[in-house]
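Subject: Structure handover and notes

Hello,

Here is the structure for you to look over. Please keep it open while you read the notes below it.

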Amino acid sequence: MSDAAAIEVENLRHRYGKREALAGVSLRVAERDIVSLLGPNGSGKTTLFKILSTLLPPVAGSVRIFGHDVARQPHAVRRCLGIVFQHPSLDPKLTVRENLLHQGHLYGLHGRPLRLRLEGLLAEFGLAERGADLVATLSGGLQRRVELAKALLHEPRLLLLDEPSTGLDPGARHDLTRMLQRVRHERGATILLTTHILDDAEQSDRVGIIDQGRVIAEGTPAELKARVGGDVISLLAARPDALLEKLRARFACEAVLVDGMVRIERAQGHEFVRDVVEAFPEEVQSITFGKPTLEDVFVHLTGHRLWLAQEGGDRQGRVQGGSP
Ligand code: ADP
């Protein structure tokens, strides 16, 4: 949305013993953008998140937040940051208001200024009626709203959220997306969130795709999807290997196997669907065809599916029989 950088990460590396969690991450997040870091489990999202939030020192490479170096100026960085962790940070035995008051005190806020800010946030997040309720009595979606209000109490310029929608039902996820867009519009905040949920990434201004400790692509959802060559066609067959060979021979296409299905990227996909069904009516059991999703972008770039990609090389979704 603007050219000024909120986050600048250059060639960031991190190891846990022998395991390389970040293998040279570079990423730039412009001020007032909402950016999702999309990647499978084990891709390094949490490690990057911890370094951005100054909980873990970078081993090599650099990270600047609004121009402040996280290694050398962690206090200045922390003042700019509001953080929502994956695991709830609220005390369920305290009321909503008490949780926020405690947070305010941690940031040196007291008395009337704190009360005013707190009540403003409760109103902003539709929590005014629930301020006196114990957090334990709130739904998961409402608890997330309280987490958000808590993270915004000291008016940070950058909001970091680690897997914020994990465990929320679709309604609460939608609600969270709406809240984040409002935070950006009304407070001018920059928002970076990690996720493995495609819908979350779709709703962002920009998406960084992370895999095996590297950001392998970055852009708007539309830009990323434009990297896939045309439409995406998936075919189910009793003998996918045999169909793959026949398709290659007949149509000279770059068909590959992903997760037991034949996958083809092709312009004018609807015509191709008709031709394939006509050519191999016995072999094809079902066929799907659609515009690329961010999942397709991930498959296109890595050769494996986002949700099947596991750590430690157990990549059952890996493409076989050709470059993706
Ligand atoms: P993600 O958040 O994308 O799931 P992580 O940053 O948690 O990824 O993990 C990246 C890699 O680092 C994984 O291979 C993970 O097993 C490893 N890892 C994460 N935390 C630790 C730790 N404390 N000790 C050892 N290995 C770790």
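Predicted model: local features only at pLDDT ≥ 70, side-chain atom pairs only at ≥ 80, totals over all residues.

Residues are numbered from 1 along each chain as its sequence is written, and side-chain values use heavy atoms, with hydrogens and water left out.

Overall make-up

The protein has 11 helices and 14 strands. Both are DSSP runs numbered from the N terminus (helices are H or I with at least four residues, strands are E with at least two). Along its principal axes, the C-alpha trace spans about 75 × 45 × 35 Å. Of the 324 residues, 50% are buried; buried means under 20% relative accessible area, exposed over 50%, and partly exposed in between, with a 1.4 Å probe and protein chains only. Among contacts with a separation of 6 or more, 69% are between residues 24 or more positions apart. A contact means heavy atoms within 4.5 Å.

The four-strand sheet

Four strands form an open sheet with antiparallel pairing, in the order β2-β1-β4-β5. Two strands pair if DSSP finds at least two bridges between them. The edges are β2 (19-30) and β5 (68-69), each of which pairs on one side only. Helix α1 (residues 45-52) packs on this sheet and touches β1, β2 and β4, its direction making about 120 degrees with that of β1. Axes here are lines fitted to C-alpha atoms, for helices over the stretch in contact, and angles run from 0 to 180 degrees between N-to-C directions.

Strand β1 (residues 5-16) is joined to β4 (residues 60-65) by 5 bridges and to β2 by 9 bridges; the β1 and β4 strands run antiparallel, and so do β1 and β2. Arg-13 stands opposite Ala-60 in β4 and opposite Ala-23 in β2. Ile-7 has Ile-65 as its bridge partner in β4. The hairpin of β1 and β2 has 2 residues between the strands, and Gly-17 in this hairpin takes a positive phi near 60 degrees.

The six-strand sheet

The other open sheet described here has 6 strands in the order β6-β7-β8-β3-β9-β10, with mixed pairing. Strands β6 (81-84) and β10 (214-219) have a single partner strand each, so one side of each is left without a neighbour in the sheet. Direction ignored, neighbouring strands of this sheet are turned by 15 degrees against each other on average.

Strands β9 and β10 run antiparallel and are joined by 5 bridges. Asp-211 stands opposite Arg-214 in β10. Helix α11 (residues 294-302) packs on the sheet, where it touches β3, β9 and β10 and makes about 40 degrees with the direction of β9. Helix α1 lies across β3 (34-38), β6, β7 (158-162), β8 (190-195) and β9, at about 150 degrees to β7.

Gly-208

Is Gly-208 buried or exposed? Gly-208 counts as buried because its relative accessibility is 0%. This glycine lies in strand β9 (residues 206-211). Leaving out residues up to four places away in sequence, Gly-208 touches Ser-36, Leu-37, Leu-38, Val-215, Ala-217 and Glu-218. Its C-alpha atom is separated by 8.5 Å from that of Gly-39, which is 169 residues apart from it along the chain.

Cavity and pocket

Both terms refer to a 1 Å grid over the protein atoms alone: a cavity is a set of points where a 1.4 Å probe fits but cannot get out, a pocket is an open set with protein on both sides within 12 Å along at least five of seven lines, and lining residues have an atom within 4 Å of a point. Grid points are joined across faces, edges and corners, and a volume is the space filled by probe spheres set on the points.

There is 1 cavity of 30 Å³ or more. The largest cavity holds about 100 Å³ of space. Residues lining it include Ile-34, Pro-164, Arg-173, Asp-200 and Ser-204. Helix α6 (residues 170-187) gives the most to this lining, with 5 residues. The lining divides into 5 nonpolar, 5 polar and 2 charged residues. Ala, Val, Leu, Ile, Met, Phe, Trp, Tyr, Cys and Pro count as nonpolar, Asp, Glu, Lys and Arg as charged, and the others, Gly among them, as polar.

The second largest pocket has a volume of about 270 Å³. Of its 16 lining residues, Leu-81, Ile-83, Phe-85, Gln-103 and Tyr-107 are the closest to the centre. At least two lining residues come from each of β6, α3 (96-106) and α5 (140-152). This lining divides into 7 nonpolar, 6 polar and 3 charged residues.

Regards
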